[in-house]
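I opened my notebook to go through this one piece by piece. Here is what I looked up, in the order I got to it.

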Amino acid sequence: MSRLIGALLFWTLILCACTTIPVSPQPVPLSATDTPFAIPTTAVPPDTQNCGYQWAYQDLPELSSSFQQSIRALQPDAQAYAFAFGENCILNDGSVARFIPMETDFNITLPVGDAASDEQMGEWIVKIMQVIEAIPTEQILGPRPGRVSIMFQSDTTQRGVNFYRDQYQALPPGLSNAEIYQTLQSSQ
């Protein structure tokens, strides 16, 4: 008897989960504090259609170009680009209604003389962060601090470090270049 009741409850639960109840969408006014992230004033206002959200990336060609030029002024053989990370609002028909940026991320590949030197890695981090911090705030998309990924390459060694901009900004003053690299490397 308990098996029969258990089976009935299970199928009732399954059938209820599959049943759709028609509801007319009503716009709900939201404030910036109601959402997990602030929507820039230039963003497309939310529509009344239901969205499914999917992680997405979006190229930032103008920012990437100027960032690449600034990094190459430091190291002519470097490769650098910026992109936005966020979510696509996917409509019921599978189309993308809009991209909602969460952060602007930076990737740098940097040929160096000695990728085994923590001191040299820290010196490059400081130089790269000076470039990033000089970017006007209106060019940085999303409310979250972006990620910085640096790949150091020498003839014999390759090392990488990944950190968020606020991790760099929170470093205590007076650290040596080697300590900067070691602290950011250990936070990965």
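**Entry 1: the disulfide.** I started with the link of Cys 51 and Cys 89, which is left-handed, with -45 degrees about the S-S bond. The two sulfurs sit 1.7 Å apart; a disulfide here is a pair of cysteine sulfur atoms within 2.5 Å. The structure holds 1 disulfide. I noted that the pair links distant parts of the chain, 38 residues apart: Cys 51 is in the loop between helix H1 (2-18) and strand S1 (52-59), and Cys 89 is in strand S2. Helices (H or I, at least four residues) and strands (E, at least two) are DSSP runs, numbered from the N terminus.

Which of the two cysteines is buried? Cys 89 is, with a relative accessible area of 0%. Cys 51 counts as partly exposed because its relative accessibility is 22%. My cut-offs: buried means under 20% relative accessible area, exposed over 50%, partly exposed in between (1.4 Å probe, protein chains only).

**Entry 2: ground rules.** I jotted down that this is a predicted model, where local features need pLDDT of at least 70 and side-chain atom pairs count only at pLDDT 80 or more, while totals for chains, interfaces and linings use all residues. Residues are numbered from 1 along each chain as its sequence is written, and side-chain values use heavy atoms, with hydrogens and water left out.

Entry 3: S4 (residues 147-153) and S5 (residues 158-164) pair in the antiparallel sense over 7 bridges; pairing takes at least two DSSP bridges. They form a hairpin with 4 residues between them, and Gln 153 stands opposite Gln 158. I also checked Ser 149 in S4: it is buried, at 11%. Leaving aside neighbours within four places in sequence, its contacts (heavy atoms within 4.5 Å) include Phe 106 and Val 161.

**Entry 4: the core.** The largest nonpolar core has 35 residues, and Phe 106, Ile 108, Ile 125 and Phe 152 touch the most other members. Such a core is a set of buried Ala, Val, Leu, Ile, Met, Phe, Trp, Tyr and Cys residues joined through side-chain atoms within 4.5 Å. H3 gives the most to this core, with 8 residues.

Entry 5: In H5 (residues 177-186), I found Ala 178, Ile 180, Tyr 181 and Leu 184 buried. They lie on the same side of H5 because they cover an arc of only 160 degrees around the axis, taken from the directions from the axis to the C-beta atoms. They pack against helix H3 (118-133), S4, S5 and helix H4 (165-169).
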